[in-house]
Amino acid sequence: MANPSGTISIKPLFVEVTVLACWLGIQLINLLWVLAVALTGDLAFYTLLPALVPLILIFHSMRQHLLARQQLLDGLARFDLNQVECRLDFDKKFVHEAISEWYGGPEAFTEYVRGPLHQELISANVRHVRQLVPCQYCCIIITPMLGVALNSMVGLAKAQAPLWIAVAFFFAVVLGLYVCWFALMIQLAFFLCDRFAKPWPCLDWLQTILIFLFFAVVCASGLQLGVIASDFGPGSALLWFWVVATTLWLTRGGWGQVCRFCDACFRARAGKGLSGPDS
């Protein structure tokens with residue numbers, strides 16, 4: 001038998017392909033930034049701006065892949081086996097015989113695709129919308145940027161910088177910016193590209209550029225705050241790291257845990273209030 005279990009499993013790779021594109025794009029951004037610094041001899045923020053241009057292409061690719069995922073879900077909800085075409089009659093006959101054997105007939109198979117299979121992918125899609133991108137994928141995407149941060153740490157060590165400067169840089173820049181803040185920015189990028197995946201009529205690229213500009217402003221604001229926190233010393237660096245790490249935790253399921261905890265406390269207090277007069 002071609003499929004002994006008699007079931008269909010669909011594992012779309014839209015998010016995985018997007019993660020790969022992000023990782024390659026960030027490698028390119030790092031390369032362009034290093035070249036810009038080497039040519040200008042300046043580490044000012046304006047040297048980073050030209051290197052961010054590839055993000056426009058990355059965001060456009062992300063929107064296309066996430067739109068394809070949405071279209072897949074919509075197509076399964078309206079699936080009709082009679083509209084499916086095969087290049088060869090032999091393939092069509094083989095497929096229909098297999099469907100009749102595994103599912104009992106075309107009607108039962110259509111109901112399965114529109115029902116359980118569609119709901120399974122909807123549930124997976126909802127999990128992705130809540131997570132936006134799995135934690136392990138975030139770790140993969142930020143590795144190029146984390147390498148840059150660790151390289152700066154090595155530079156501080158070789159320059160024999162004071163301990164308080166190294167500590168402030170580690171918490172504010174390495175952990176606060178390159179780990180937590182950029183993980184938040186990855187989630188923001190996926191959210192924007194998923195929320196605005198459907199193109200505006202005749203304005204597809206303009207839509208991508210607007211997403212990029214909004215993302216760049218938010219990202220640059222965090223970069224500036226992280227640098228300021230590092231300059232003010234370990235205290236402000238720890239505060240910045242705590243704020244960003246807490247925000248990241250809240251956006252990756254922590255807020256739901258807080259709500260469930262508060263709800264459980266409220267129910268427990270309400271239960272004690274109701275049982276009080278009886279006792």
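Student: How many residues has helix α8, and what distance does α8 reach from its first C-alpha to its last?

Tutor: This is a predicted model, in which local features need pLDDT of at least 70 and side-chain atom pairs count only at pLDDT 80 or more, while totals for chains, interfaces and linings use all residues. Residues are numbered from 1 along each chain as its sequence is written, and side-chain values use heavy atoms, with hydrogens and water left out. Helices (H or I, at least four residues) and strands (E, at least two) are DSSP runs numbered from the N terminus, and the expected span of a helix is 1.5 Å times one less than its number of residues. Helix α8 covers residues 204-231, and against an expected 40 Å its 28 residues reach a close 41 Å.

Student: Which elements give two or more residues to the lining of the largest pocket, and which gives the most?

Tutor: A pocket here is an open set of points on a 1 Å grid over the protein atoms alone, where a 1.4 Å probe fits, with protein on both sides within 12 Å along at least five of seven lines, and lining residues have an atom within 4 Å of a point. The largest pocket holds about 1000 Å³ of space, a volume being the space filled by probe spheres set on the points; of its 38 lining residues, the closest to the centre are Trp-33, Leu-48, Tyr-178, Phe-182 and Leu-223. Two or more residues come from each of α1 (14-40), α2 (54-77), α6 (143-158), α7 (163-195) and α8. The element that gives the most, with nine residues, is α7.

Student: Which kind of pair do Phe-59 and Phe-215 form?

Tutor: Rings of Phe, Tyr and Trp (its six-membered ring) pair if their centres lie within 6.5 Å, with planes under 30 degrees apart counted as stacked, over 60 as edge-to-face and the rest as tilted. The whole structure has five aromatic pairs, and in one of them the rings of Phe-59 and Phe-215 are 5.1 Å centre to centre with 90 degrees between the planes. This pair links Phe-59 in helix α2 with Phe-215 in helix α8, 156 residues apart, and both residues are buried (under 20% relative accessible area, with exposed over 50% and partly exposed in between, for a 1.4 Å probe and protein chains only). The pair is edge-to-face.

Student: Why is the pair of Phe-171 and Phe-241 called tilted?

Tutor: Phe-171 lies in helix α7 and Phe-241 in helix α9 (residues 234-275), 70 residues apart. Phe-171 has a relative accessible area of 24%, so it is partly exposed, and Phe-241, at 22%, counts as partly exposed too. The ring centres are 6.0 Å apart and the pair is tilted because the planes stand at 55 degrees.

Student: Is Cys-202, with its positive phi, buried or exposed?

Tutor: Most residues other than glycine have a negative phi. Cys-202, in the loop between α7 and α8, has a positive phi of about 65 degrees although it is not a glycine. Since its relative accessibility is 84%, Cys-202 counts as exposed.
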